[in-house]
Each structure stands twice: as C-alpha cells, then as structure tokens.
Amino acid sequence: MICTTIHNRSAEEALRLLSGCEMAEIRLDSCPMPAAEIQECFSSDVPLVATCRMASLMEADPSLTEAAAAGICEERLIKAAVSGARYVDVEIEAPKQMSKRIALAARENGTVMIRSYHDFSGTGSMEELKDMVAKCRYHDGEIVKVVTTALSEDDVRRVLSLYDIFEPSGLIAFCMGEYGRESRLGCLRLGAPFTYAAPDGSPAAAPGQWPAGEMHRAVYGTRRFIGYPQHGVSASDTQASSIRVPSSKSFTQRAIIAAALCNGESRLRHYSPCGDNESAVAAARSLGAEITLDGDTLVVKGGGLEKARACIGATGTLHVGESGLLTRLMLPIVSSLVPGPVSLTGEKTLSARILSGADEIMGKFGVAVSGSGGECRVPLKIEGRLTPCRTEFSGASGSQLISGLLMALPLAEKNSSFTVHDPVSIPYMFITVDILKKFGIRISDELLGGDDFMLSEGSWDFCSDILFKVKGGQRYRPAEFDLEGDWSTAANFLVAGAVFGRAVLSGLDTGSIQADLSIMDILMDAGASLSQYDGNDGDIAVQRSPLRSFTTDASQCPDLFPIVSVLAAFCQGTSMISGVRRLAHKESDRGKAILGMLLQMGVAARIEEDTLIVEGQSLAQRILTGRLLKGGKYDTYHDHRMAMALTVASLGAESPIEPDDRQCVAKSCPMFFELFDKLCRAGCKPE
C-alpha cells in the first residue's frame, strides 16, 4: 500500500488530504495539533501512522532540550495511539523510557509499533544493516523501518537484500536519494507492508520521495478499488457503499420451526428469503402453520402441538429441501410429535451428504433412523417416539442434531439431560438456546473442561463437555423479534473490503453469538481496518490496510473456511487455518475443494493434518510481480460458500474467474450477486 506523508500542515489541511489517501503518515512534529485535533485526526477510518521526530522539534525550536522534545513526542504519540492510530513510529535513537511508555500504550490500544532507523549520510555494511533490524525488533518493533541514503546502486541492492533475510511483512526498507528512488517501489515488490509518497503538488518529505499519484499509477495502473474514492477524488463526489446484510439462516430456520410449534401468531422481522429459509417455511406449513409475508416481516401462525401431530401423522412425510440444518432439527422434532414411521426427504447435494452420528445419537432416545442405501442420508425413515432420558454422546459430528434435541425435548412429558463430549460448533447450540428463550423455552446448560478451560475463563475453544438439562412439559409461546443479519454472508463482503477497497455493512450485531462473528477477530488479527458506530448494531466499516498472515482455529465456524482462505492468499506471509476435518460433510468436501481452488489460482497452499496452510502475498506485491490469481473456469461443487468466495477472489485475478454454478448461492443468499455488484459499483463517480 501507499502511505502518503502529511507534514507542515494544519489539522484542517491534514484532514482534508486524508480523503484521497489509502493510508497516511501524520508528522506530528511538523503538523502542530492540540490534543483535541489529534483525537479528531486519528479517529479517521483511513489507516494512519503517527510519527513525531525529536530532531525536527529541536530544529524548529532550538530552545528545546532533548528531554523536553522527548516529552512532546511521547505525549503526542500516546494521544495518537489512544485516539485510533493504526501505527506509531518511534526512532530507534529515542530515549529508552519514552519508547517503553509508547510501546505500552500501543499494546493497550491495538496499535502496531514501528521502530525506525534513518541514515541521512549513507548506507552501512550488510552486517550493520542486519544488526540494526535485529535491534529494532528487540526494542518492540513489530514492524522495522530501515531507510538509508543511497550513494550507489550497490547501496540499494544491499538494503533491498534485507527482504531475503527477514520476513517481508514486518520490514519497510528502502533508500533515499536519486539512486534510491526506485527502491521505494521495489520494497513493495518484495513484500513490504507499505511505502511512502508525498501529497501531489507538495514538497517531498525526504529526498527521492514520489508524488502519491505517480506512485499510485506505478503500483496499481488503472485498477479501481471498490467502495471508496479513487486517488485524488473527494469522498463527497462518490456514491455510498453501505449494503444491508440478509438475515441469518441459522437464526431464521430455528425461529420459523419454533414459531410453527406455537399456538398463536409470531412475527419475525427482517426476514430474507433463500432456499434453506423457504424450505423451513415449507416444513412449518407441513406442521400446520399458516405463513404470510408482511413487508420484510414473516408472520407465522402456529396451530399448536395437536395440529402439528395431526399433520405429520396424516402425511407420514416431511420434505427438508437441501438444508442439512433443517434435516437435523426435524429428526428429533418429528419423533417427539409422532412415533412414526415418518420419512424425511431432501434434494440436490443433501442426498449425497451423510448425517454422521445421527442414527447412534437418536438411538439413545429410543428412535431408529435408517437411510438410503444403508447409510444415514436422505431419504430417512424415522421410527419410535423420542424418549426423555439421561445420556451422553460425542459431539464431534456437529451441533445441528443437538440443536434439534434442544428444540424437541422440552415437548416431552418428563425431564431429560445429556452430556455432549468433545463438542464442536458450540456457538450454534447457544443460538438455539437463545431462540428458544424468545419462545418461552428454558434450557439449563453447564460448560465443563480442564485447567485450560478454567484459565481461559470459560472460552468455548477449551470446553471439553457440555451438560444440558431440559425440563419436560414446556410449551412454545408466540414471539416477535428482529432476525439478526448473517455473519456467514457478511464475511464475504468484509473480506472484499479489507483486501480490495472499502465496504460498509448494516443489519449486523457485534454482540451476536453467531460463530461466524469470528470473522471480525480474524480480520483484526490480519491487520484490517475495522470500525463501528452507534453500538453493537451500528454500521460496520472495513477498508484496505496492510494485511499480514494470521493463525486461526475455524473448527467452530466451518462456513468461514472458503472466504478466509481467499483472505489468506492476500495476507503477506504464512497463514494457518485449523479445523479442516470439520469440512468433510458440508455441501462439498470443502477441505479438498478449497485446496484445489487455491492451487488452481496459483496460490501456494497445503493441508497438514487438520490445518490449511496458505502462503500469501499482498495485493500490491501480486500486481507488481505479475502473480495475480489465475482466472478461468472453477468448480463450486454446487457449494454456495465456494461460489461466494470465488466471486470475491475474482477481484484479485488476472482474468475473469467463472464459477460453474452461480445459482447455488440461492441456498443461503439469492441476492448475493446483486449486493456484490452494488459493492463493486460503490466509489464510482455518479453518472
């Protein structure tokens, strides 16, 4: 990325210049700002570097002592970090205690610490340069900046050869002067997180610095970024990029079935139709519910349990469409209503998906499940009434059947309890508990684990067992509430904004227990610029920022795997995403599908045991080295998450990426391509 150095400007002028920058450095030694103006400036969504040079302060005011200059720098840089600076840059020559206090403030505020070294007289030996990088890293430098004056081409080669020795994502190394001019571009080619340029029409901050417009053309050519102004275009001349995220089908399907079990009318606001949600609507009607749509509010008039029993008993069959979730929800619910036999039928990819562990778990509750060809897959035959009991079983096969049990067991006459060992996708179980609470159903739960669980203060990642206690004889009561926006779908737009421009999303709740909310943590770990206003349900903005490799465990959020793998392809360094085993029985064998997709794109990737390992490069490096993703025809395996990820990846491809099945997105988000096109159009000048 290109960081525009803003110096010798008032606060008002600095703020005006920011609107045309993808990122900027604010020289607080030459941009005099009181605390309030620093706070205003660094609360900008634009990724900002705060710099304050002691030597410059003392040169401007010879009466300043070194201690006084250090105090001014410390005060201004800490204020910038507290106010939202993405980076603070502290020279390696700065006093030790001052540097430590700034480093502490940076850590407390999520600000990246840059330790910088400048040599205005020349360029040292290779050993001296290596020692300086090591010194800067030792003294809290998450990113090391080494800038020397090149007196020859050999000086330039020596400085740039540092990228062969040190991890490029943590190094900014180039040369000043005429010899060093091309190294300011060359460092990006070698993987530097960003380089520096001067505002167009303004004097350079250092010898050899490019004007920002010229640097932008050299790096990006005519490439246009989504969702925010092009270089030099005022934000006021562009279209807004906000898009509303459709409702979560995880919430919606559970809520529809719960409403169908009520005796009375429920209203589910912000309903978004999709294949899986419409399958849930059809299933609710099979239970005797009357369903209408009032604007974007789904009105469900349930006929109560007696009507549901009569409807299922009369037909002896229930169709679940292509929804694995709906299948696993309805297995226990149907068996709690009638003793069977009942047939569950499905379509498309569902018929090829094995419902691992379902027959064994249902057998513990007195229900026999048999499937097509002797395997547990649709069409399924269900026999026996769900019997409350005390039992235990492994949760390794997923959370969806457990959610079905949580919905069905409250309808039994007696109490029951069950312990889930080695649970996965834990957040989805608690989505069910949360939905049930809205309909008057109470579930008692206790998370258990060893020392790691206790030390983590109850983190789901370290939970080894969950005990659920369910009181029998409960009845569903009608409810009215807003359906949450879908974090699984939102993840695609957030990654698109983080890598390729900017996106603003509405309809999401950052206080949600949806597992895929973890995309926010993943993006922040990768260095993305994220902000939210007006509380947990305010608009969320994400925009381009230097991205670095990350490590994450996606076992609890398998739907994120495809789009997170695309993110990793554009994060400098080696990213590791664990949880691959959870992908075998999704709409496709997603682990193999994702690896095949990445390799076809030309991304170095491999799977080792349970972990996907991706060797990523920044977008700028891919452009400058001719390593953009390879276009062509790609297999989606009729998996909606794969189709969405491929669509986002197309923004970083050398030629069009053509998914073989675009229609499969209808399963979760029929309007995906319409929303994606809106996002891509945002930032253009209006006609």
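## Terms and basis

A residue is called buried when its relative accessible area is under 20%, exposed when it is over 50%, and partly exposed in between (1.4 Å probe, protein chains only). The model is predicted: local features need pLDDT of at least 70, side-chain atom pairs count only at pLDDT 80 or more, and totals for chains, interfaces and linings use all residues. Residues are numbered from 1 along each chain as its sequence is written, and side-chain values use heavy atoms, with hydrogens and water left out.

Helices (H or I, at least four residues) and strands (E, at least two) are DSSP runs, numbered from the N terminus.

## Aromatic pairs

Rings of Phe, Tyr and Trp (its six-membered ring) pair if their centres lie within 6.5 Å; planes under 30 degrees apart count as stacked, over 60 as edge-to-face and the rest as tilted. Across the whole structure there are 14 aromatic pairs. One of them is the edge-to-face pair of Phe365 and Phe418, with 6.2 Å centre to centre and 90° between the planes. This pair links distant parts of the chain, since its members are 53 residues apart: Phe365 is in the loop between α14 (358-363) and β16 (368-370), and Phe418 is in strand β19 (residues 416-421). Phe418 counts as buried because its relative accessibility is 0%, and Phe365 is buried at 0% as well. Ring pairs join Phe365 and Phe418 with Phe393, Phe430, Trp460 and Phe468 in a cluster.

## Strand β19 and its neighbours

Of the 6 residues of β19, 5 are buried, so the strand is largely enclosed by the rest of the structure. Two strands pair if DSSP finds at least two bridges between them. Strand β18 (residues 390-394) pairs with β19 in the parallel sense over 5 bridges, and Glu392 has Thr419 of β19 as its bridge partner. Strand β21 (residues 465-470) runs antiparallel to β19, with 6 bridges joining them; here Ser417 stands opposite Lys469 of β21.

Together, β18, helix α15 (residues 400-408) and β19 form a right-handed β-α-β unit. Right-handed means that, with the strands pointing away from the viewer, the path from the first strand over the helix to the second runs clockwise.

## Helix α1

Helix α1 (residues 11-18) has Ala11, Ala14, Leu17 and Leu18 among its residues, and these four are buried. Seen down the axis, the buried residues of α1 fall within an arc of 125°, so they line one face of the helix. The arc is that of the directions from the helix axis to the C-beta atoms. Glu12 and Arg16 are exposed, on the face of α1 turned away from the buried side.

The elements covering the buried residues of α1 include β1 (2-6), β2 (23-27), α2 (35-42) and β3 (48-51), where contact means heavy atoms within 4.5 Å.

## Backbone exceptions

Most residues other than glycine have a negative phi, and most peptide bonds are trans. A cis bond joins Gly340 and Pro341, with omega about 0°; Pro341 lies in the loop between α13 (324-337) and β15 (342-345). The bond from Val378 to Pro379 is also cis, with omega near 0°, and Pro379 is in the loop between β16 and β17 (380-383).

Asp140 has a positive phi, near 75°. Asp140 is in the loop between α6 (126-138) and β6 (143-149), and is partly exposed at 30% relative accessible area. Tyr637 has a positive phi of about 60°; this residue is in the loop between β30 (632-634) and α23 (640-649).
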